[in-house]
Amino acid sequence: MRAGFRARLRVPEPILGTFLKIPSTRPAEILGSLGFDFVVIDEEHAPLNPETTDAILLACRVHRMAGLVRVRQPGDILRAPGSGADGVLVPHVTSAAVAH
């Protein structure tokens, strides 16, 4: 059984992940079956809608692979964890002040 994603980040060992930009669950299923630790579902640069992201996150969960979501804008931050994301990447945040 794989350790949780958050726990894996704390261990000084490499973890394997990549970005997903294809609006389908198949790439996540393939990467999960190959043993990837995480994927970043890139809503900022890909034609993904919330329903597609939800399906990809479900595929990640089935393969016990962490699913992170790169949101388009700060207003989307709360939706990603509500959909089951293990983490959120927020683009264009250059400082703590910008994040607030």
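Biologist: Let's start with E43. Is E43 buried or exposed here?

Modeller: This is a predicted model, and in it E43 counts as buried because its relative accessibility is 0%, where buried means under 20%.

Biologist: A charged residue, then. Which residue does the side chain of E43 meet in a salt bridge?

Modeller: That would be R79: the two side chains form a salt bridge, at 2.6 Å from N to O. The partners come from distant parts of the chain, 36 residues apart, with E43 in the loop between β2 and α3 and R79 in helix α4 (residues 79–82).

Biologist: How accessible is R79?

Modeller: R79 has a relative accessible area of 24%, so R79 counts as partly exposed.

Biologist: And what else is E43 in contact with, leaving aside neighbours within four places in sequence?

Modeller: Besides R79, E43 is in contact with L48, T53, V69, R70, V71 and R72.

Biologist: How many salt bridges turn up in the whole structure?

Modeller: Four salt bridges are found. One of them joins E44 and R70, whose closest N and O atoms are 2.7 Å apart. E44 sits in the loop between β2 and α3 and R70 in strand β3 (residues 66–70), so this pair ties together parts that are 26 residues apart in sequence.

Biologist: What about D37, which residue forms a salt bridge with D37?

Modeller: R8 does, and the closest N and O atoms are 2.6 Å apart. Here again distant parts of the chain are linked: D37 lies in the loop between α2 and β2, while R8 belongs to helix α1 (residues 5–10), 29 residues away. D37 has 12% relative accessibility, so D37 counts as buried.

Biologist: Nice. Changing topic: which residues touch the most other members in the largest nonpolar core?

Modeller: That core has 17 residues, and the ones touching the most other members are A28, V39, I41, I56, M65 and V69. Two or more residues come from each of α2 (26–33), β2 (38–42) and α3 (50–62). With four residues, α3 gives the most to this core.

Biologist: How many bridges join β3 to β4?

Modeller: Three bridges join those two strands, which run parallel. V69 stands opposite V88 in β4.

Biologist: V69 keeps coming up, then. Where did we meet V69?

Modeller: V69 is among the residues touching the most other members of the largest nonpolar core. V69 is also in contact with E43 and with I41.

Methods. Residues are numbered from 1 along each chain as its sequence is written. This is a predicted model: local features need pLDDT of at least 70, side-chain atom pairs count only at pLDDT 80 or more; totals for chains, interfaces and linings use all residues. Side-chain values use heavy atoms; hydrogens and water are left out. A nonpolar core is a set of buried Ala, Val, Leu, Ile, Met, Phe, Trp, Tyr and Cys residues joined through side-chain atoms within 4.5 Å. Buried means under 20% relative accessible area, exposed over 50%, partly exposed in between (1.4 Å probe, protein chains only). Contact means heavy atoms within 4.5 Å. Two strands pair if DSSP finds at least two bridges between them.
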